[in-house]
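Keep the structure open alongside the text.

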Amino acid sequence: MRNVAYFIQAAGKAGEKDFLALKQQAKKIPEIYSESCHQLANSFLFLVKENTAKKLVVTGDSPLYQELEGKEQSAGDVRFKECPLSEKNSKIIQKYFPFTRPVPLSKYKTTIGLGDRLGPASPGHIRLLKKKKIRPVLAQQSKRELDLTGRSFRGVLSDAVWAVFQEDYQEGFGADGDHLKTMAGIKEALAEGYTMITLDCSEHIHDLKETDSGEIDQVYQALPQEKKRALESRFLGREFTLKSGETLSFTPDDLRLNVAIYQEAVDFAVHVFQELIAPAAGGVDFEISIDETTTSTHPLGHFFVAAQLIEAGVKVDSMAPRFCGEFQKGIDYRGDIKEFTREFREHQRIAEHFGYKLSIHSGSDKFSVFPIIGRESKETFHLKTAGTNWLEAVRVIIQAEPELYRKIHAFALTRLAEAKKYYHISADPAAVPPVDSLTDEELITLLNKDDARQIIHITYGEILQARDAGGNYLFRDDIYRCLLENENLYFQFLHDHIGRHLEMLGFDVN
Ligand code: ZN
């Protein structure tokens, strides 16, 4: 750390004209993140890696210096503060450095959600996306993920702020309150500065099929007369021509089915928009998710929902239908590729007609359909990934500390039943070889197999929150320590893996 102390002395005495030379100098000191060098008024700031944590160093007396919480120290005759990367400090950084505030991203053609269950992955994502036209949503967690990982909206955003500051990423990033089902959850995310809301309508969707005629009738008849009449005159006896030239029409049975499935969700989404999204200052990207159903979304159902939302003045920025086949967590697409292509094309036409993007959920690792998504959407889409970034973190642990991984793995197997309450997977634990019988080299390839991938993918909450009898975390601290110690390996894995996603979607990664 002697080099760091010298650097602090130089920074403390530096004027504005010395900034670039100092940044160059920082590149030669491994503990310093050179892109994190910033100058504001009399202060010079940068991030440094110490043994167990990253810290913000700030020199020079300024309002910013005064506001940041940290320990005052000196290097030679230079006073400086060493500050934790805390939530409180992240807010002060956001106040002085506007590029660290999330922004709405709907004006960009291609956006990618890079939910990070742990928090330290974002610098790796930024290094991949810097200078590319794809814009990242760096903070993206659902309520379920926050509960399972023991994190908060603010904590997740704070981690993204530090990543953006560390990498000097000035092109704009998003923050998505993902899969929110309640007004309270949305309010909470908006209050923390989130710039995208994904409304999960599943609790207002009646998961019905054509054959459920009794229930369809029941829901339909329960609607007020006036509402039924309005819907019938809106949808029946008409042909809807999409901008692509394709036409759609509803039979009375189609209408009754779609009303029964979606009408309550439509009304809910309109209400949420009017109450919370439209009044939000600065603009918010609004995504409608109708994907948490047991059957795939029929294009007619998609049209039925969208037409009403648009007519009610809802600014829809993206829509997540459920596509045919299976989008299971962390593994490739399972299903009929031809059928997927046909359906995706129909959903795409509807999205284009109304002027929003399709959003592809559980978008991690769906390599066999990525070329179709990229081509058919003309690279206009939002793709969400989350768990796959966790799996890359686990691959770092396997490589760097195989013994730690063996313990995590054994534990995960004992908690599979718990995790399956939240996630649907088809993994067979019996198909995963006992890790004690595998050599370290064999262990490294373990996560190339679907069964092991899925088991580790869904047990993250159990793994991160497990404690011993004394209340200490069993794995959490070791996981964060291991990732910080092997940060470059972690970023390399993320670069390669998410890079492969982009490549298959039709982007030039290099
Ligand atoms: Zn979803």
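The model is predicted.

**Helix 5 against helix 7**

- The crossing of helix 5 past helix 7 is right-handed.
- On the helix 5 side, Ser122, Pro123, Ile126 and Arg127 make the contact. Helix 7 contributes Ala163, Val164, Gln166 and Glu167.
- By class, this contact of helix 5 with helix 7 holds four nonpolar residues, two polar ones and two charged ones.

- Setting aside neighbours within four places in sequence, serine 158 is in contact with Leu85, Ser86, Glu87 and Ser90.
- Aspartate 168 sits in the loop between helix 7 and strand 8 (174-180).
- Aspartate 168 has a positive phi of about 50°, although it is not a glycine. Most residues other than glycine have a negative phi.
- With a relative accessible area of 16%, aspartate 168 is buried.
- Histidine 179 lies in strand 8. This histidine 179 is not a glycine either, yet its phi is positive, at about 50°.
- Histidine 179 is buried, at a relative accessible area of 16%.

**Strand 5 and its partners**

- Strand 5 covers residues 78-84. Five of its seven residues are buried, so strand 5 is largely enclosed by the rest of the structure.
- Strand 3 (residues 54-59) pairs with strand 5 in the antiparallel sense, over five bridges.
- In that direction, leucine 56 has cysteine 83 of strand 5 as its bridge partner.
- Strand 4 (residues 71-75) and strand 5 also run antiparallel, joined by five bridges.
- Here lysine 71 stands opposite glutamate 82 of strand 5.
- Strand 4 and strand 5 form a hairpin with two residues between the strands. In this hairpin, glycine 76 takes a positive phi near 60°.

- Strand 12 covers residues 285-289. Five of its five residues are buried, so strand 12 is largely enclosed by the rest of the structure.
- Both faces of strand 12 are covered. Asp285, Glu287 and Ser289 are buried on one side, and Phe286 and Ile288 are buried on the other.
- Strand 9 (residues 196-200) pairs with strand 12 in the parallel sense, over five bridges.
- Leucine 199 stands opposite isoleucine 288 of strand 12.
- Strand 12 and strand 13 (residues 318-320) run parallel too, joined by three bridges.
- In this pairing, glutamate 287 faces serine 318 of strand 13.

**Leucine 64**

- Helix 3 (residues 63-67) holds leucine 64.
- Leucine 64 has 1% relative accessibility, so it counts as buried; the cut-off for buried is under 20%.
- Beyond its neighbours within four places in sequence, leucine 64 is in contact with Leu40, Leu45, Ile92, Tyr96 and Phe97.
- Leucine 64 and leucine 484 are 420 residues apart in sequence. From C-alpha to C-alpha, leucine 64 and leucine 484 are 27 Å apart in space.

**Helix 19**

- Helix 19 (residues 450-458) is mostly covered, with seven of its nine residues buried.
- The buried residues of helix 19 are Ala452, Arg453, Gln454, Ile455, Ile456, His457 and Ile458.
- Their cover includes helix 15 (387-400), helix 16 (402-414) and helix 17 (416-419). Helix 20 (460-465) and helix 22 (487-504) are also included in the cover of the buried residues of helix 19.

Note on methods: Residues are numbered from 1 along each chain as its sequence is written. This is a predicted model: local features need pLDDT of at least 70, side-chain atom pairs count only at pLDDT 80 or more; totals for chains, interfaces and linings use all residues. Side-chain values use heavy atoms; hydrogens and water are left out. A crossing is left-handed if the near helix is turned anticlockwise from the far one by less than a right angle, and right-handed if clockwise. Helices (H or I, at least four residues) and strands (E, at least two) are DSSP runs, numbered from the N terminus. Contact means heavy atoms within 4.5 Å. Ala, Val, Leu, Ile, Met, Phe, Trp, Tyr, Cys and Pro count as nonpolar, Asp, Glu, Lys and Arg as charged, and the others, Gly among them, as polar. Buried means under 20% relative accessible area, exposed over 50%, partly exposed in between (1.4 Å probe, protein chains only). Two strands pair if DSSP finds at least two bridges between them.
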